[in-house]
Amino acid sequence: MHEKLTIDIETTGLSNQDEILQLSVLDTMTDEVLFNSFLKPSHIKSWDEATKTHHITPEMVVNAPTINQIRDAVQKLLDKASLIVGYNHLNFDNRFLTKAGFRLPERQYDVMLKYSEYIKEPNKYPEGFNKTPYRWFKLVDCATNLGYDWESRPHDSASDARATSGCYRKLAEIN
């Protein structure tokens, strides 16, 4: 049983109408890939702005499964997990996963929030979206600062999930 799972997604955009384009689930302690797939969106047909970040094009997902086709397999993994680890997943990924019909375990660890607490750099705009006392950092900054060596490019969900797992393990050592 994989007790701790790391999840990462890539999406067509940032709004509530956007959809998941790539989903990866890894064993947090071993980085074993348990699920990794591009996903064909149901409604969104193009996502030029998001492609600039994650480089996923409509052509890359044209033959990919839909979220409905993979939901049960991924849900079985989630149902066995005692902890979900992610990066900015409490504020971002969970919104998309829940909208897609996934039931998420209660115990979750957001590496971005824990890293921000560790760094303790004051939030210059506490009245904005980030209403926490500390600044939020991008995954690439967190990973680089904690000594994670990227195997592949950021903004691929499997690569980001591995980096998130690595940061989780490093923060566990520190704390």
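Where does Lys120 lie? Keep that in mind, everyone, while you look at the structure above. Lys120 lies in the loop between helices H5 and H6. One reminder before we go on: this is a predicted model.

Let's start with the backbone of that residue. You will find Asp31 in the loop between strands E2 and E3. Is Asp31 buried or exposed? With a relative accessible area of 18%, Asp31 counts as buried, because the cut-off for buried is under 20%.

Now step back into H5 itself, which covers residues 111-119. At its N-terminal end sits a cap, Asp110, with a side-chain oxygen 3.0 Å from the backbone nitrogen of Met112. Which residues of H5 are buried? They are Val111, Met112, Leu113, Tyr115 and Ser116. These buried residues pack against strands E4 and E5 and helices H4, H6 and H7.

Let's pick one of those partners, H7, residues 157-174. Two packed helices are described by the angle between their axes and the distance between the axes. Here, the axes of H5 and H7 come within 10 Å and cross at roughly 40°. That angle is why we call H5 oblique to H7. The crossing is also left-handed. On the H5 side, the residues that meet H7 are Val111, Lys114, Tyr115 and Tyr118; on the H7 side, they are Thr164, Cys167, Tyr168, Leu171 and Ile174. By type, the residues of this contact divide into seven nonpolar, one polar and one charged.

While we are on H7, have a look at Asp160, which is also in that helix. Asp160 is buried, with a relative accessible area of 5%. Leaving out residues up to four places away in sequence, Asp160 touches Asp8, Glu10, Leu139, Trp150, Pro154 and His155.

Last stop: H4, another partner of H5. In H4, the buried residues include His89, Phe92 and Phe96. The buried residues of H4 pack against strands E1, E2, E4 and E5. Just after H4 comes Gly101, with a positive phi of about 100°.

Key:
Residues are numbered from 1 along each chain as its sequence is written. This is a predicted model: local features need pLDDT of at least 70, side-chain atom pairs count only at pLDDT 80 or more; totals for chains, interfaces and linings use all residues. Side-chain values use heavy atoms; hydrogens and water are left out. Buried means under 20% relative accessible area, exposed over 50%, partly exposed in between (1.4 Å probe, protein chains only). Helices (H or I, at least four residues) and strands (E, at least two) are DSSP runs, numbered from the N terminus. Contact means heavy atoms within 4.5 Å. A polar contact is a pair of N or O atoms within 3.5 Å; within protein, one must be able to donate a hydrogen and the other to accept it, and residues adjacent in sequence count only if both atoms are side-chain atoms. Axes are lines fitted to C-alpha atoms, for helices over the stretch in contact, and angles run from 0 to 180 degrees between N-to-C directions. Angles under 35 degrees count as roughly parallel, over 145 as roughly antiparallel, 65 to 115 as roughly perpendicular and the rest as oblique. A crossing is left-handed if the near helix is turned anticlockwise from the far one by less than a right angle, and right-handed if clockwise. Ala, Val, Leu, Ile, Met, Phe, Trp, Tyr, Cys and Pro count as nonpolar, Asp, Glu, Lys and Arg as charged, and the others, Gly among them, as polar.
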